[in-house]
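Have the sequence and the coordinates open as you read.

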Amino acid sequence: MMSYVFDVDGTLTPSRGKMNKEFHDWFLNEFVPSNKVYLVTGSDYPKTVEQVGKEICESVEYVMNCSGNHIWRHGKEHMRSEWKLPEMMEEWLEAELANSTFPLRTGTHIEHRTGLCNFSIVGRGATMGERKLYKEFDESHEERSYIAKVFNENFVKHGVIAQVAGDTGIDIMEVGKDKAQVATFLYEENITFFGDKMEEGGNDWPLKKELDKKQGSQSVHVDSWEDTYECLKLMVYN
């Protein structure tokens, strides 16, 4: 039995969207029963259930939400962090929000999750079209990478780190409490990790680095859930 770890947004689903039905049914009925499967995402558990479905969430080994700060096993809470973003850092993010040249604001720009804070210039209330507009803006201006870089220059010394996440957000958490921490739940070797933010500064990068230390493990960078589906079918049927 092989072991696989999957990011969710942009890897198993469209960003902030629901899993494709054909992929969902194949993944649930053919892939998961034959393999050890873990999900690791910056989102919270209710959002993950909304995206991939309750059956998948309760069938995999663990669902590791909020970058591993809130862990679920077969639908029951297994572990949670109580960390909160310090007020001075929230004030710094508010200033960055005010300074951004992207014109659209949709609300909920700072979202407190279990052991993690998500920051978004466009806001969590954005429609898919509005998210696309920000994604295009960010690709040309590299705003999120810049904000994360400056945040880290100011606050890593205080034990807090920022990472680019998803299409519109930045995840902020304690140093050492990013996705790398879930490696402690992965006792096997020969693990394959799928994610769409594998580059340095992305929120899949820390776990990739940890898994690089495990014998026979590999990390697969994908650009979409379609890439993941095609790769898995090649692995399973070839």
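Throughout this report, buried means under 20% relative accessible area, exposed means over 50%, and partly exposed is anything in between, with a 1.4 Å probe and protein chains only. The model is a predicted one, where local features need pLDDT of at least 70, side-chain atom pairs count only at pLDDT 80 or more, and totals for chains, interfaces and linings use all residues. Residues are numbered from 1 along each chain as its sequence is written, and side-chain values use heavy atoms, leaving out hydrogens and water.

**Positive phi**

Let's begin with the backbone. S67 is not a glycine, yet has a positive phi of about 60°. T108, also not a glycine, has a positive phi of about 50°. Helices (H or I, at least four residues) and strands (E, at least two) are DSSP runs, numbered from the N terminus. On that basis, S67 sits in the loop between β3 (62-65) and β4 (70-73), while T108 belongs to the loop between α4 (87-99) and β6 (110-113). Is S67 buried or exposed? S67 is buried, at a relative accessible area of 0%, whereas T108 is partly exposed at 45% relative accessibility.

**Cysteines**

How many disulfides are there? A disulfide is a pair of cysteine sulfur atoms within 2.5 Å, and by this rule the count is 0.
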